[in-house]
Amino acid sequence: MKTYIKSLIASVGFLTLSCTDVIEVDVPEGPIRLTIEASLDWEKGTTGNEQTILLSTSTSFYDNLNPAPVTGAVVQVTNNNTGSVFSFQDQNDGRYTTTNFVPILGNTYTLEVQYQGDRYSGTETLFPVSDINEVFQSTEDGEDDEALEVNVSFQDPENVENYYFLRFQSRNDVLPELYDIKDEFIDGNLATFYYEKIEDEEDKIREFEPGDVVDIKLLGISEDYYHYLQLLIEQFESAGDPFTATPVPLVGNCINLDDPDNAPFGYFRVTQMVQDTYTFE
């Protein structure tokens with residue numbers, strides 16, 4: 001019996017030591033790709049002439065590095081309806097800027113980027129956005145009837161297919177709350193959307209309180225960008241959930257004209273935008 005016990009202890013000890021071995025798995029890394037952040041957002045009531053496009057290169061998923069800014073690229077946007085060409089100047093920090101962009105509703109624009117021998121291109125149409133009718137607070141529409149929420153209402157045009165991107169950014173939080181909206185069920189009606197935060201001590205989330213400030217943006221977008229947003233928001237909201245599908249790289253509307261297998265990340269959008277700010281009372 002003593003011999004058996006000694007053998008059992010030795011076996012358990014061996015298993016315990018074995019469990020401490022580090023298993024190294026070679027994770028395949030994709031090629032470094034150009035990342036295009038080209039959001040030409042024209043705020044209603046302004047000329048929209050000042051615009052910025054950001055270029056960077058992707059990094060490995062496991063690298064704790066910020067994307068590297070891209071310099072030395074040639075960037076321009078062409079209005080396909082008028083033939084006007086808008087050149088974006090390299091600021092040597094990943095930003096490419098212009099002060100003479102002319103936004104025209106209903107016109108289609110094409111982005112062209114030349115970088116390290118490859119030509120990248122994306123096309124988008126500028127759609128109008130409805131005005132914000134009202135921004136107000138309440139406790140009526142959310143999950144918690146005692147928690148404060150901010151509400152935004154706007155009038156959707158009748159018999160016109162519209163797509164919207166609604167963005168709430170609390171100044172107390174790093175990440176925004178995003179909504180992709182199709183007017184299928186609100187066509188021609190006054191639509192209201194709310195943003196509420198539910199108390200969660202584990203995730204360090206607290207409800208809105210008097211004095212909290214939220215910045216709000218409503219953008220008129222294309223159908224293609226709407227579908228892109230749907231996937232983006234789905235992956236954004238399911239991050240960290242072990243029961244969701246494995247995220248895949250999002251394919252935007254930019255392509256590599258010279259090497260289709262080396263497509264860039266990101267999206268080229270041209271939108272009209274209205275914005276507001278609300279302070280809880």
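Me: Why is the contact between the side chains of R269 and D41 called a salt bridge?

Reply: The N and O atoms of R269 and D41 are 2.6 Å apart. The term asks for a side-chain nitrogen of Lys or Arg within 4 Å of a carboxyl oxygen of Asp or Glu, so the pair R269 and D41 qualifies. R269 lies in strand 16 (residues 265-279) and D41 in strand 1 (residues 34-43), so the bridge ties together parts that are 228 residues apart in sequence. Strands here are DSSP runs (E, at least two residues), as helices are (H or I, at least four), and both are numbered from the N terminus.

One note before we go on: this is a predicted model, where local features need pLDDT of at least 70 and side-chain atom pairs count only at pLDDT 80 or more, while totals for chains, interfaces and linings use all residues. Residues are numbered from 1 along each chain as its sequence is written, and side-chain values use heavy atoms, with hydrogens and water left out.

Me: How do you know whether a residue such as R269 or D41 is buried or exposed?

Reply: We look at relative accessible area: under 20% is buried, over 50% is exposed, and in between is partly exposed (1.4 Å probe, protein chains only). R269 and D41 are both buried.

Me: What makes K44 and D131 another salt bridge, and where do they lie?

Reply: Their side chains meet with N and O 3.0 Å apart, which is within the limit for the term. K44 sits in the loop between strand 1 and strand 2 (51-57), and D131 in the loop between strand 8 (118-125) and strand 9 (132-138), so parts 87 residues apart in sequence are tied together. K44 has a relative accessible area of 29%, so it counts as partly exposed. D131, at 45%, is partly exposed as well.

Me: How many salt bridges does the whole structure have?

Reply: The search finds eight. One of them joins D93 to R95, with the closest N and O atoms 2.9 Å apart. D93 is partly exposed at 37%, and R95 is partly exposed at 34%. There is also a network of salt bridges that links R206, E209 and D212.

Me: Which strands does strand 1 pair with, and how do you know that they pair?

Reply: Two strands pair if DSSP finds at least two bridges between them. Strand 1 and strand 2 have four bridges and run antiparallel, while strand 1 and strand 16 have nine and run parallel. Both counts meet the requirement, so we call them pairs. You can follow E37 across: E37 stands opposite L54 in strand 2, and its bridge partner in strand 16 is Y267.

Me: Why are strand 9 and strand 13 called edge strands?

Reply: They belong to an open sheet of three strands in the order 9-10-13, with antiparallel pairing. Strand 9 and strand 13 each pair on one side only, and that makes them the edges. Strand 9 is joined to strand 10 (residues 149-155) by six bridges, and V135 stands opposite V152 in strand 10.

Me: Why is G94 called buried?

Reply: G94 has a relative accessible area of 3%, so it falls under the buried cut-off. G94 lies in the loop between strand 5 (85-90) and strand 6 (95-98).
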